[in-house]
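Please open the structure in a viewer and keep the selection panel at hand. The stops below are intended to be followed in order.

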Amino acid sequence: MPKPFVPKIVSANDLLSGRTVFLSGNSWVSDHHAASVAASPEEAARLLRLGEPQEDAVVGPYLVDVHIREDGTPEPIELREIMRVTGPTVKNGTLTFTQDATV
Amino acid sequence: MYQYDDIDRDLVRKRIEQFRWQVKRRLEGSLTEEEFRPLRLMNGLYLQLHAYMLRIAIPYGTLSARQLRKLADIADTYDRGYGHFTTRQNIQFNWPQLSDVPDILEELAEVEMHAIQTSGNCIRNVTSDPLAGVAADEIEDPRPTAELIRQWSSLHPEFSFLPRKFKIAVTGSPNDRTAVYFHDIGIRTVRGPDGAIGYEIIIGGGQGRTPMVGKVARSFLPKADLLPYLEAILRVYNLYGRRDNKFKARIKILVHEVGIERLREQIEAEFARSAGRNRQPDVAALAHIRRAFSAPPYEHLPARSAQFEDARLREPAFAAWCAQNMTRHKVAGYAAVTVTLKKVGGEPGDITSREMRGLADLAERYSFSELRVTHEQNLVLPHVRQDELHALWQELARLKLADANRGLVTDIICCPGLDYCALATARSIPIAQAISRRFADPEKQRETGPLAIKISGCINACGHHHIGHIGILGLNKAGKEYYQLTIGGDPTETPAIGERAGPGLSAEEVPDAVERLINHYLRIRHEGETFLETYRRVGGESFREALHAAH
């Protein structure tokens, strides 16, 4: 039996800053909650095709598995992707990073 | 310290101009990412999880106060106010913007630094002993050799596209502080049968997914033959090293598959074949290099300083710091001091711009403006007068950099892990923080004695977990981080790769597991025996049983 489709968003790194960005409509945003969500393989392929040619803006667009929260916004599933949206979980000096007391 | 000559300056400047043009073309869209990626990597610019990362070489770990101050300025102007020292005597900035990188490189060039060959399949930053030139046990200062190799390997046309990256370390002492057995080429300075100084050449060491202890290719190589012999090794590797499989492309795999005897024959044949064609280094250039490492103007001081001894007796905390962080100097009346970047609960190897400036000031006042970077992610002030040690210690305390923990349980080597690194499979820094909090008590640390914990966030082993007395490898299983412990690794002249201590653990279980191993050691150790010595005496099974008894 084929695996059920997992919804997806498109992520990449911003060319200039290197920051994590997400495809929202036809533009790139830093808030993954605002990303366009693909609910089918066809839609995922279409979204990726939309992102891939934008080499002048971003580096390496790819599909990210997400689950949909109650408010309808996407949240990444894989640890690596969770890290990409939270940023480093450690703090240095005056920097303020999202804290995650997993350890 | 070595000062750039016109060739160095010209080479670095031209490379920056070239890269500025390449960045411009990328931003304008005339270079694709596929075209640009190898170009940025050749200039030390990676793209990590959250941002670009710029890796800057600190050749053989020598750093001037002026250079450290410049790194502080770069951290504040272009980054987020801090940097991270790596296990290969580099420093990394985690947040530069692509368009700023050419300007950063310009600023680095002002203080004779660059990021060339800190990535890519080429000869990387040549590393060496952080106590080079000052260690009392030294046969010869390894820095001139390391600098010679740096010059030879910089933009070497034949060796810029090797099957895989290539790392060389040089030590001048029998006591290895460079992990020389875990490099593609390790160079040990030795004395030959007639007392002449030469090199023992070790090849095929490394960590990563296939850890290997290097093997001796030549037990004694005359100094004059160094570059021709290195060329012979690189040529054989370039010819036979596997390019079909990235995971089998390092020279260690070639040594393993072909066998050291056969490979040695090939290297020697190539060495003999090309001996007539290889030119010796230019005599004037060699003299220039040697002069660069002449001793600073030390004063003639008594071997023991009464002021220093008094301070030690008066202040136990100072005495503890000296006992742990001070190393005997070859010059009477001086000491080398390790400043650990291993605060309890901190990020191993990270340094803020404020700390950089503070240490640059202290280096100017107390250490002839010189510092060293260690592969253990610490700094060394290499030339401190004994009678000024107490004043230095007080100044370090004001900077909160006077932890007396060099070589102890909280002096943890740790890679950036999944908090920063695009290759990582698990976080490593939070594990280091949790362990250092668990063992924060200085008394308990001293009671435990020398213990090297090393943590990597993936199988690539940048955190040297294979050679930790206790190694911790972060992996990912079904979306969850878990950690594999190893015990018994040794990076020194008695090299060993740690053996697995049992099944993987969750992040929460790691500090308890480390504590169980340490408590077991404390229970069974003989008088004066270190963790590693006890492990070697009783074997891994004893520790594995202790680890899993209550698990």
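The tour passes from one chain to the interface and then to selected sites. The coordinates belong to a predicted model.

**Chain A**

Select chain A and colour it by secondary structure. Its 2 helices and 5 strands follow the order β-β-β-α-β-β-α from the N terminus. Of the 103 residues in chain A, 42% are buried.

Next, display the side chains of A:Asp65 and A:Lys8. They form a salt bridge in which the closest N and O atoms are 2.7 Å apart. The pair connects strand 4 of chain A, which holds A:Asp65, to strand 1 of chain A, which holds A:Lys8, across 57 residues of sequence. A:Asp65 is partly exposed at 27% relative accessible area, whereas A:Lys8 counts as buried at 15%.

**The interface**

Now select the residues of each chain that contact the other: 26 in chain A and 36 in chain B. Together the two chains bury about 2800 Å², 58% of it on carbon and sulfur atoms. On chain A, the elements giving two or more residues to this side are strand 1 (8–14), strand 4 (58–68) and helix 2 (79–86). Helix 2 of chain A provides the largest share, 4 residues. By residue class, the side of chain A that touches chain B comprises 11 nonpolar, 8 polar and 7 charged residues.

**Chain B: helix 7**

Move to helix 7 (residues 251–258) of chain B, where B:Ile251, B:Lys252, B:Ile253, B:Leu254 and B:Val255 are buried. After helix 7 of chain B comes B:Gly259, with a positive phi near 95°.

**Chain B: salt bridges**

Select B:Glu200 and B:Arg188, whose side chains meet in a salt bridge at 2.7 Å, N to O. B:Glu200 belongs to strand 9 of chain B and B:Arg188 to strand 8 (residues 185–191) of chain B. B:Glu200 is buried at 12% relative accessible area, and B:Arg188 also counts as buried, at 15%.

Finally, select B:Glu541 and B:Arg544, a salt bridge with its closest N and O atoms 3.1 Å apart. Both residues lie in helix 18 (residues 540–549) of chain B, 3 residues apart, about one turn of the helix. B:Glu541 is partly exposed at 44%, while B:Arg544 counts as buried at 19%.

Notes. Residues numbered from 1 in each chain as written. Chains lettered and ligands numbered in written order. Predicted model: local features only at pLDDT ≥ 70, side-chain atom pairs only at ≥ 80, totals over all residues. Heavy atoms only, no water. Contact = heavy atoms within 4.5 Å. Buried area = accessible area lost by both parts, 1.4 Å probe. Nonpolar A, V, L, I, M, F, W, Y, C, P; charged D, E, K, R; others polar. Buried < 20%, exposed > 50% of the residue type's maximum accessible area, 1.4 Å probe, protein only. Salt bridge = Lys/Arg side-chain N within 4 Å of Asp/Glu carboxyl O.
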